[in-house]
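Please keep the sequence and the 3D view at hand while reading.

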Amino acid sequence: MIDILFVHTNSVNQTFQSLSKYAAVEPPIWAALLANSMRTFGVSVGILDCEAFQLNAEESYNHIKYINPKLVCFVQFGQHPSASAQSMQGTHELLNLMDFEFKTILVGLYPSALPKKTLEDEKCDFVCEGEGVDTLLGLVESDLVNVSKVPRLWYRENGEIKFTNKTPIIENLERVLPGMAWDLLPMEKYRNTVHFSLTNNNDRTPFAALYTSLGCPYKCDFCCINAPFGKSVFRYWNPEFMITEFDKIANMGIRNIKIADEMFVLNKNHFLKICDLIIERGYDFNIWAYARVDTVKEEYLERLKKAGVNWLALGIESGNRKIRVDSVKGKFHEVDVKDIVKKIESFDIEIISNYMFGMSGDTHKTMQETLDLATELNTSSANFNPTMIFPGSPLFTDAMNKGIDLPPTYSGYSYYSKDSFPNPTESLSREEILKFRDDAFQKYFNRSEWFDKIRRKFGQGAVDIYKDVLKIKLERN
């Protein structure tokens with residue numbers, strides 16, 4: 001019997017609808033980090049990735065029964081802030097089936113943001129408010145019985161919900177989180193997204209993802225990334241350590257890589273050193289990573305490209321300067337977005353630009369400004385998302401204080417679900433925001449200017465893939 005089984009549940013059909021076959025299937029980084037960490041402390045572990053194996057709740061339950069672990073740990077981190085809340089849908093369904101048959105704990109963004117509510121709502125025994133390492137070790141040492149001294153733990157006692165105590169966040173990442181348990185993951189099951197595979201001859205597999213840093217120093221009002229840490233923090237694994245993780249990926253014959261850091265292009269002493277080490281080894285990776293418009297400098301771009309960074313995801317968010325600044329997104333008024341996009345593309349690095357509709361202060365006019373900016377930039381890909389009230393974000397706290405309705409289901413936190421439940425503004429209803437978003441997606445990708453660019457860069461085959469995607473119309477309640 002193993003001590004801890006880390007479970008990544010499957011919510012993909014509810015959260016992506018018919019788009020699911022074009023979405024990525026990403027390795028659960030935090031499950032692999034926690035599993036490898038526990039192993040270094042002598043804890044026996046396993047990972048069950050229900051999404052990778054396309055298991056429904058009943059099939060997942062049967063796998064857990066067969067493995068019969070002492071503790072089932074549901075990992076609700078995800079690789080972008082929205083993933084945690086929406087992935088709770090699959091966890092909720094599985095917990096209802098299990099009905100306290102096994103000892104269970106939830107860790108991740110959503111449980112850390114709403115620990116007491118999570119314990120009230122779900123048929124689980126424990127909730128961790130934090131990253132999980134010291135909590136899981138404490139539970140193993142307590143034999144799941146005397147848990148009152150286990151750090152960062154929410155639990156029930158005599159019908160009352162209690163919390164133990166907080167401990168400092170992890171400082172020495174190399175010692176406490178020494179890489180991912182790659183050997184416990186079904187690596188052959190993972191696939192890249194359609195757009196990031198354009199620079200890999202449309203080959204979506206094999207695919208890997210990893211972090212080189214944790215957290216984010218910024219405080220955008222729509223983001224919940226720092227919920228497990230309790231404050232805005234940014235920590236790095238040493239570049240010399242990180243290259244050993246890239247070595248493992250290369251040895252597995254994997255070219256498609258997502259660097260899932262909330263902000264990879266930020267500290268040049270960190271990311272440029274990683275780039276240099278990849279270049280020294282001569283790896284031919286197809287990497288995508290996140291950056292801010294105001295952190296990308298021209299002198300970085302040549303080394304990023306040489307290291308295999310073929311895509312940068314930029315959070316442009318809005319075409320309206322005031323809305324962008326009011327969201328605490330940063331001083332983008334000091335940066336020429338159009339100029340930065342041109343410079344990045346001049347180094348043959350593709351851009352996926354991220355935009356949001358329904359931000360605080362948004363109107364039909366300002367949302368149109370955002371769509372107009374997107375079409376003018378005409379980047380090789382773009383995300384159009386309705387603004388969600390994610391637990392752990394400043395926007396969520398504001399909504400709670402104002403009595404704004406929150407999603408009645410976990411899948412309601414998804415951008416693409418049937419019951420998607422975005423944040424309304426003073427002048428826009430949820431329905432208006434969703435309709436604008438869905439129309440904007442079709443308008444952007446159905447343009448001859450965009451198809452011409454994709455055909456020129458990646459061939460007619462890539463155009464045909466997107467024409468198939470555009471045939472899908474999301475259902476909305």
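The model is predicted.

S12 has strand S11, residues 256-259, as a partner, and the two pair in the parallel sense over three bridges. Within this pairing, Lys 258 stands opposite Trp 288 in S12. S12 also pairs with strand S13, residues 309-317; these strands run parallel and are joined by five bridges. Here Tyr 290 stands opposite Ala 313 in S13.

S11, helix H10 (residues 268-281) and S12 make a right-handed β-α-β unit. Another right-handed β-α-β unit is made by S12, helix H11 (residues 298-306) and S13.

**A hairpin**

An antiparallel pairing is found between strand S6, residues 153-157, and strand S7, residues 160-163, with four bridges joining them. Trp 154 stands opposite Phe 163 in S7. S6 and S7 form a hairpin with two residues between them. Asn 158, which is in the turn, has a positive phi of about 55 degrees.

| Strands | Sense | Bridges |
|---|---|---|
| S11 and S12 | parallel | three |
| S12 and S13 | parallel | five |
| S6 and S7 | antiparallel | four |

**Nonpolar cores**

In soluble globular proteins, nonpolar side chains tend to be buried together. The largest nonpolar core in this model has 160 residues. Which residues have the most contacts inside it? They are Phe 6, Ile 105, Leu 304 and Phe 384. Helix H2, residues 29-40, gives the most to this core, with eight residues. Apart from this core lies another one, of eight residues, including Cys 216, Cys 220, Phe 222 and Met 356.

Not counting residues up to four places away in sequence, Leu 304 touches Phe 264, Val 265, Phe 271, Cys 275, Val 309 and Ile 349.

**Pockets and cavities**

Rolling a probe the size of a water molecule over the atoms shows where empty space is left. The second largest pocket has a volume of about 490 Å³. Its lining is made of 23 residues, and those nearest its centre are Ser 360, Asp 398, Lys 402, Asn 423 and Pro 424. Helix H12 (321-326) and helix H15 (394-402) are the elements that give two or more residues to this lining. H15 gives the most, with five residues.

How many cavities of 30 Å³ or more does a search of the whole structure find? It finds three. The second largest cavity holds about 50 Å³ of space. Its lining is formed by Ile 29, Leu 33, Gly 179, Met 180, Leu 210, Tyr 211, Trp 237, Phe 241, Met 242 and Glu 245. The elements that give two or more residues to this lining are H2 and helix H9 (239-251). H9 gives the most, with three residues.

**Two single residues**

Asn 354 lies in strand S14, residues 350-357. Is Asn 354 buried or exposed? Asn 354 counts as buried because its relative accessible area is 14%, and buried means under 20%. Leaving aside neighbours within four places in sequence, Asn 354 is in contact with Ala 313, Leu 314, Gly 315, Ile 316, Glu 317 and Asn 383. From Asn 354 to Ser 427 there are 73 residues in sequence and 23 Å in space, C-alpha to C-alpha.

Ile 67 is found in helix H3, residues 57-67. Ile 67 counts as partly exposed because its relative accessibility is 31%, and this class lies between the cut-offs of 20% and 50%. Leaving aside neighbours within four places in sequence, Ile 67 is in contact with Ile 2 and Leu 5. Ile 67 and Ala 52 are 15 residues apart in sequence and 17 Å apart in space, C-alpha to C-alpha.

Notes. Residues are numbered from 1 along each chain as its sequence is written. This is a predicted model: local features need pLDDT of at least 70, side-chain atom pairs count only at pLDDT 80 or more; totals for chains, interfaces and linings use all residues. Side-chain values use heavy atoms; hydrogens and water are left out. Two strands pair if DSSP finds at least two bridges between them. A crossover is right-handed if, with the strands pointing away from the viewer, the path from the first strand over the helix to the second runs clockwise. A nonpolar core is a set of buried Ala, Val, Leu, Ile, Met, Phe, Trp, Tyr and Cys residues joined through side-chain atoms within 4.5 Å. Buried means under 20% relative accessible area, exposed over 50%, partly exposed in between (1.4 Å probe, protein chains only). Contact means heavy atoms within 4.5 Å. On a 1 Å grid over the protein atoms alone, a cavity is a set of points where a 1.4 Å probe fits but cannot get out, and a pocket is an open set with protein on both sides within 12 Å along at least five of seven lines; lining residues have an atom within 4 Å of a point. Grid points are joined across faces, edges and corners, and a volume is the space filled by probe spheres set on the points.
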